[in-house]
Structures are given as C-alpha cells and as structure tokens.
Amino acid sequence: MTDDIRQLIKEFGRLPVDVDTLATDADLYQAGMSSHASVNLMLAIEDHFDVEFPDRMLTRGVFESIDAIAAALTELGVQVPA
Amino acid sequence: MSVMADGDRAFLDSIIEVADEVAGPHADSVDRDARFPAEALDALRAERALSATIPAELGGGGISFSAVARGCFELGRRCGSTAMVFAMHHIQVATIARHAAGSQWLESYLASVAADQRLVASVTTELGTGGDMGRSIAALQPGEDGVTASFEKQAPVISYGAQADDLFVTLRRSPDAEQNDQVIAVAQRGQFALEQTGTWDPLGMRGTCSPGFVVRAQIAPEQTLATPFPQIMAESMVPITHILWSHLWLGIATDAFDRARAFVRAAAKGSSDGAPPPVAIRLSHLLAELSLLRAEVASGLAEFVEASEEPSRERLLTMTSTLRFNNLKIAASEQAPRVCQGAMGVCGIMGFKNDSPYSVGRHLRDTMSASLMIANERIHQTNASLLLIAKDV
Ligand SMILES: Cc1cc2nc3c(=O)[nH]c(=O)nc-3n(C[C@H](O)[C@H](O)[C@H](O)COP(=O)(O)OP(=O)(O)OC[C@H]3O[C@@H](n4cnc5c(N)ncnc54)[C@H](O)[C@@H]3O)c2cc1C
C-alpha cells in the first residue's frame with residue numbers, strides 16, 4: 001500500500017523534494033506540500049483505493065505522512081495485498 | 001440564551017459602560033482625526049478588560065469566550081475602531097492562552113499581560129504574501145550564541161503598532177524552512193524596533209492606526225508557540241478571529257439599524273394620521289437583513305463554543321469546521337455593510353450627513369473594511385478547494 005501512496009504523492013503532492021527518499025513517517029507538509037496539493041492528493045487516494053474519507057477523517061493530521069495515510073486507509077477497511 | 005455567570009455579567013456591564021461613556025463620545029473624533037482611541041483603551045485597562053480571556057490562575061479575568069465576543073459586539077455599537085482594537089488584542093491573547101499549557105515562558109507572559117494590561121498587536125500580513133496567513137517569508141533566525149533568535153519582517157499593515165506593548169508575529173520556522181512551515185513568535189517591548197514605512201489615512205476603521213512597518217526583533221527561542229502552526233490556525237486563530245470580527249461588525253450594523261429606527265420614529269411622531277410612514281416599511285426590510293446577520297454570528301459562536309468544550313477539540317481540525325468559520329467571515333463581512341447601506345437608505349440625507357444624529361457614514365465606511373481583512377476572494381479559493389473533498393458541509 002505504501003508504494004501506491006508514494007506514487008500518488010509523486011503525482012499529486014507537488015513536493016519540491018524527491019518522494020522516493022522520503023521516510024514513511026516524514027511530515028509531508030514540512031516537506032512542502034501545500035493545502036491545495038493535499039486536497040488533490042486526498043481526491044486521488046479516494047479514487048485509487050475506491051474509498052470515501054468521512055468528514056471526521058478529513059483533517060490535516062490524517063494526511064501528514066505516508067504512515068498516517070496508510071493507517072487511515074486501513075481504518076476504512078482497505079486490505080494490504082499479501 | 002443561557003444564564004450568564006456572575007463574572008461574565010459583571011465584565012459585560014463594565015464593557016457596556018466603557019462603550020457608552022467613553023468609546024461612543026470619542027468615536028467621531030477618533031474617526032475624523034484617524035487617531036488611536038486612547039481614552040477607551042485606558043478605560044478598558046482600568047476595568048482589566050485586556051486580560052479577560054486569560055485564566056484566573058494566571059491573574060486574568062477568566063471570562064468566557066462568549067462574553068468576550070459579546071463585549072466586541074457592545075463596543076462595536078459605539079466605536080468600530082475601539083472594538084477592532086479590543087477584538088484583535090483578544091484574538092492574540094486567547095490564541096496564546098489556548099496553546100500555552102506546558103510552556104513556562106508563555107504562562108508567565110500571560111501573567112504579565114494580566115498584571116500590566118499589556119496590549120498585543122498582530123503581525124501576520126507580509127509584503128509578498130499579502131493576506132495569506134499560511135505562508136511567511138520572514139524567518140526566525142537562531143543566534144550563534146544559542147540563547148537568542150532574531151527576525152526582520154516587512155509588514156504592510158500593523159494595527160496600533162505604535163501603541164502596542166507586544167507583537168504576535170507569524171514567521172517561517174527557520175531560514176531554510178519552506179514558506180508554509182511556520183511558527184508564531186511573541187516579541188515584547190524592548191525586544192523589537194519598528195520602522196514606520198507608510199501612512200494611515202484610510203476609508204474606515206481609521207482609529208485602528210494601521211500603517212506599515214519593518215519589524216526587527218531579537219527574542220529568546222522559547223518565545224514561540226510549540227503547537228504545530230496549522231493546528232493553532234484551525235483550532236484557535238481562524239475561528240476566534242472570524243467570531244470576534246463578526247461580532248463587532250454586527251455591533252456596528254446594529255447601531256446603524258438603531259439610528260434608522262430612531263429616524264423612523266421621529267418621522268412617525270410628525271405624521272398626523274397614525275399610520276406608519278412609508279419609510280417604516282424599509283425599516284422592516286432592514287430588520288430582516290439584520291436578523292440574518294445576527295443568526296449567522298450567533299450560530300458561529302455557539303458551534304465554536306460547543307466544539308471547544310470537547311476534550312480533544314478535534315472537530316475544529318476538520319475541513320468541515322474550516323468551511324464553517326470561513327463562511328461566517330464571508331457572510332458577516334458582506335452582510336454588515338449591506339445593513340449599514342440599508343440604514344442610509346432609510347435615513348436619506350440625514351444618514352448621509354456626518355453631523356446629524358442619524359449619521360451612518362462611519363458605520364458604512366468601517367464595515368467596508370470587513371471583506372478585505374483577509375480578502376474574501378482568498379477565503380473563497382480555500383473553500384473551493386476544500387469543497388472538492390469535504391462531504392457533509
Ligand atoms: C482595518 C485593517 C486593519 C488591519 N490590521 C492588520 C494587522 O493588525 N496586522 C496584520 O497583519 N494585518 C492587518 N490588516 C491586513 C489585512 O488583514 C489583510 O491581510 C490585508 O489587507 C491583505 O492585503 P491586500 O488587501 O493587499 O490583499 P491580498 O491578500 O494581498 O490580496 C490582494 C488582492 O488579490 C485578491 N486575491 C488574493 N488572493 C486571491 C485569490 N486566491 N483569488 C482571487 N483573488 C485573490 C484579493 O481579493 C485582493 O483584492 C488589516 C487590514 C485592515 C483593513
């Protein structure tokens with residue numbers, strides 16, 4: 001799952017740094033993700049994993065790092081492929 | 001409305017007295033001369049109103065946020081500039097108070113605000129980013145000695161900068177931080193120098209005395225808020241700003257309405273047949289407009305107070321909440337001048353003249369600043385983005 005998330009961050013996060021070298025717990029906002037880019041990333045994640053984040057999960061913290069996004073997806077029942 | 005606590009009631013009575021006895025009588029000269037409402041601020045200090053939002057354990061008033069918002073409304077009815085100074089000060093102080101826990105420096109700072117009734121100004125707007133609160137150019141520069149930090153910020157607008165004791169400043173966290181990696185620093189008098197870069201001769205809110213300055217300061221590294229900046233914004237600063245501003249705009253609009261009502265009453269007394277004069281119908285239309293503004297302002301406050309009582313205040317961090325309080329600002333900033341203009345329509349030339357008891361020119365001019373204090377178009381752009389993903393709005 002983290003590989004897919006990383007790929008989506010590459011496409012939609014518009015980060016000024018190399019996404020491949022980001023630790024899974026690195027703060028994406030501190031790495032330069034704008035609020036607008038974060039919304040695009042959320043949309044792309046919903047689309048890719050075919051989920052809808054409920055409003056209570058639409059906070060900055062939930063999209064703060066690759067780990068945080070993975071945890072949110074797991075909470076929504078997205079299965080980690082074996 | 002719920003029953004007020006005794007402390008809140010006494011606070012509000014003292015604010016109403018300052019509004020009626022001091023701020024109101026000086027409002028015209030403050031506006032005409034674009035001068036600081038010094039008499040009203042002295043009176044507010046004498047009532048210890050500048051520490052209302054500070055907890056009692058730190059020597060503050062421990063007044064509820066609702067009562068402080070109501071205080072902004074009452075001051076707004078008598079002098080928009082006084083109300084704006086009072087509101088901005090409390091935006092800074094209440095924000096610090098909500099995020100001071102665990103910081104000895106911030107707690108003792110709040111105690112000094114209470115003890116000395118220090119006035120705190122805001123330095124968020126910056127040359128190059130304008131009203132975009134989420135980005136800064138100026139950075140906090142750590143000193144080589146490890147015990148000081150410094151910054152220089154080009155600020156095109158600082159209200160009561162020349163009168164303030166302390167400054168509440170948004171900055172980049174460090175010289176190599178991205179523009180959206182920010183901190184809030186507090187600089188105290190003696191730690192900063194202000195170089196005025198412009199004049200202040202605006203259309204309205206003239207008593208806020210808000211020219212541009214270059215701010216140069218040297219502070220200690222612990223003079224910053226430790227809570228992550230985006231969390232401070234979402235949980236405190238943005239909702240508090242929009243609620244206190246909208247309360248004072250409602251106050252100004254309410255006085256404009258009251259003047260229109262007084263005008264219609266005077267006209268009715270002069271008519272012989274007892275039927276309401278035709279202009280009374282316009283007053284009724286105006287009341288409908290004022291009611292919309294009142295409802296929006298009241299529900300915004302109630303939702304914030306409710307969400308703040310939850311232990312984690314998590315609800316305030318959601319996009320739905322951001323949309324909610326952004327909309328409060330947009331709606332109130334557009335509705336308040338609409339009510340003032342309607343009042344002028346009712347009063348006619350008597351509302352247009354500056355020296356008539358029914359004058360609403362100052363009200364109209366003051367409320368016209370509302371839509372540009374953090375430009376509404378900017379807020380709409382944020383909302384437009386959030387609306388792509390938020391669901392139950
Ligand atoms: C009475 C008063 C007191 C103030 N006091 C203070 C103070 O004490 N401290 C402080 O820091 N600031 C203060 N300000 C500044 C204020 O809050 C705004 O931040 C500042 O006025 C913004 O500058 P600007 O109008 O140039 O707008 P900018 O935000 O720079 O925008 C410029 C123009 O571009 C438009 N625009 C911006 N973004 C977008 C967008 N995304 N889409 C479409 N259009 C857009 C805006 O509508 C505006 O017309 C004060 C302002 C007033 C009126």
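1. Basis of the model. This is a predicted model, in which local features need pLDDT of at least 70 and side-chain atom pairs count only at pLDDT 80 or more, while totals for chains, interfaces and linings use all residues. Residues are numbered from 1 along each chain as its sequence is written, chains are lettered from A and ligands numbered from 1 in the order in which they are written, and side-chain values use heavy atoms, with hydrogens and water left out.

2. Extent of the interface. Chain B gives 15 residues to the contact and chain A gives 19 residues, where contact means heavy atoms within 4.5 Å. About 1,400 Å² is buried between the two chains, and carbon and sulfur atoms give 59% of that area. Buried area is the accessible area (1.4 Å probe) that two parts lose on being put together, summed over both. On the side of chain B, Met319(B), Ile389(B) and Lys391(B) lose the most area to chain A, together 36% of what that side buries.

3. One salt bridge is counted between chain B and chain A, the term standing for a side-chain nitrogen of Lys or Arg within 4 Å of a carboxyl oxygen of Asp or Glu. Its partners are Glu46(A) and Lys391(B), with the closest N and O atoms 2.6 Å apart. Glu46(A) belongs to helix H2 (residues 35-49) of chain A, and Lys391(B) to the segment after H11 of chain B. Over all chains the count is 29 salt bridges.

4. Composition of the chain B side. Helix H8 (319-347) and helix H11 (376-386) of chain B are the elements that give two or more residues to the side touching chain A. Helices (H or I, at least four residues) and strands (E, at least two) are DSSP runs, numbered from the N terminus. By class, this side has seven nonpolar, four polar and four charged residues. Ala, Val, Leu, Ile, Met, Phe, Trp, Tyr, Cys and Pro count as nonpolar, Asp, Glu, Lys and Arg as charged, and the others, Gly among them, as polar.

5. The ligand. The ligand is surrounded by 19 residues, the closest being Ser122(B), Thr125(B), Ser159(B), Arg378(B) and Gln381(B); a residue is near if one of its heavy atoms lies within 4 Å. A polar side-chain atom of Thr125(B) is 2.7 Å from a nitrogen atom of the ligand, and a backbone N or O atom of Thr124(B) is 2.9 Å from a ligand oxygen atom. H11(B) gives the most to the shell, with three residues. The shell divides into nine nonpolar, eight polar and two charged residues.

6. Arg98(B). This residue lies in helix H4 (residues 80-98) of chain B. The side chains of Arg98(B) and Ser308(B) make a polar contact (3.3 Å). Beyond four places in sequence, Arg98(B) touches residues including Glu235(B), Phe304(B) and Leu316(B).

Methods. Polar contact = N/O pair within 3.5 Å; in protein donor to acceptor, adjacent residues only side chain to side chain.
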